[in-house]
Structure formats: structure tokens, C-alpha cells
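Me: I am new to this structure. Please take one part and go through it closely, in plain terms.

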Amino acid sequence: SIQSLRECKRRLKNIREERVKSISKMAIEIYHLWDLLEVGEEERNRFLRRHSTLGIDVINSCQSEIKRLSASKEEKLQSLIDSQREELNSLWEFLHIPKKDRVVIQQMKNKNEEFSQIEKEILKMKEIKLEFYDILTLIHQREEILKNWNECKNASSDP
């Protein structure tokens, strides 16, 4: 009996880990679409309050939310492409990606394809940002300290 309980615990733990990974990836995409479509805080909070567990119903609901937001995105495509390019540049700057290592995204006649390429790169950069957030925060704190130090040195010759 104990062995079967251990096996059940192991299976449930694996299911939990898979769902956490799946929901985390969907959360990144949902937050990205919310930011993209400028969804209000009230609507975001309402969705988050209803989806705070790891059940299959939450996974299905997240998938439905992604589909709904994606349909809305299609309606506003050109203006979104412009804002996406700006966001991608900001992420590259935040992550200190050298210009030579940045993906070149050409303007295309097929706007869905162009948007898809930009969006794919943004999601990739957001995953990197999430993965290395603690390190990046320390780097930015260091840069801010150095900036303040240099301003203090230049502002006054009197210590």
C-alpha cells in the first residue's frame, strides 16, 4: 500500500510540474497579449482571481483567453506592429543584447507574418528576462549606482 501511495505521489508531482510549466508559458503569452492590447487592470485582476489553481479547467480557460486575445489582436495589426517594434527594442536594451546579435525583422507584405516574427522574438526575450530577472535587476542597480556616482563627482568638486 505504501509503495502504491509513493507511486501515486510521484505521478501527481509530475503532473503538477507539467501544469506549472504549461500555465507559466501561457501566462507569459496572456500577459504579453494583455500588454499588447492594453487590457485594463480590472479585467486582468478579474481573470487572475478566477484562475489561481492548477486544474485542467484553468488550463482550458487560459487557452480560451489566448484565442480571444489573439482574435482581438488581428483587428489592430498594423498599429500593433509599430508598437511591437518599439517594445522589442526596449527589451534588447534592457537585456543588453548587442546590435550585431539582434534579429533583423524586415517589413513584409504579409503583416501577420511580420507581426508573428516580432512577437516570437519578444516572447523569447521575455522568457530570457524572466529566467534571468534577479541577475538583470542587480546589473541595473549597479548601473544606476555608477550613474549616480558619476553625477555626484561631476556636480561638485568639493567632497
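Reply: What follows is a look at helix H1 and what it meets.

This is a predicted model, in which local features need pLDDT of at least 70 and side-chain atom pairs count only at pLDDT 80 or more, while totals for chains, interfaces and linings use all residues. Residues are numbered from 1 along each chain as its sequence is written, and side-chain values use heavy atoms, with hydrogens and water left out.

Helices (H or I, at least four residues) are DSSP runs, numbered from the N terminus. Two packed helices are described by the angle between their axes and the distance between the axes. Axes are lines fitted to C-alpha atoms, for helices over the stretch in contact, and angles run from 0 to 180 degrees between N-to-C directions.

Helix H1 covers residues 2-37 and helix H3 residues 56-75; their axes come within 10 Å and cross at roughly 25°. H1 is therefore roughly parallel to H3 (angles under 35 degrees count as such). The crossing of H1 and H3 is left-handed, that is, the near helix is turned anticlockwise from the far one by less than a right angle. Contact means heavy atoms within 4.5 Å. Among the H1 residues that meet H3 are Arg19, Ile23, Ile30 and Trp34, and the H3 side includes Ile59, Cys62, Glu65 and Leu69. By class, this contact of H1 with H3 has 13 nonpolar, three polar and four charged residues. Ala, Val, Leu, Ile, Met, Phe, Trp, Tyr, Cys and Pro count as nonpolar, Asp, Glu, Lys and Arg as charged, and the others, Gly among them, as polar.

Beyond its neighbours within four places in sequence, Phe47 is in contact with Ile30, Trp34, Ser61, Cys62 and Glu65. Phe47 and Cys62 are 15 residues apart in sequence and 9.3 Å apart in space, C-alpha to C-alpha. With a relative accessible area of 6%, Phe47 is buried (under 20% relative accessible area, 1.4 Å probe, protein chains only).

H1 also packs with helix H4 (residues 77-94), at an angle of about 115° and with the axes 10 Å apart. Here His32, Leu36 and Leu37 in H1 meet Leu80, Ser83, Gln84 and Glu87 in H4.

His32 counts as buried, at 1% relative accessibility. Leaving out residues up to four places away in sequence, His32 touches Gln84, Glu87, Glu119, Ile122, Leu123 and Lys126. The side chains of His32 and Lys126 make a polar contact (3.1 Å), meaning a pair of N or O atoms within 3.5 Å; within protein, one must be able to donate a hydrogen and the other to accept it, and residues adjacent in sequence count only if both atoms are side-chain atoms.

Terms used. Helix = DSSP H or I, 4+ residues; strand = E, 2+ residues; numbered from the N terminus. Parallel < 35°, antiparallel > 145°, perpendicular 65-115°, else oblique. Buried < 20%, exposed > 50% of the residue type's maximum accessible area, 1.4 Å probe, protein only.
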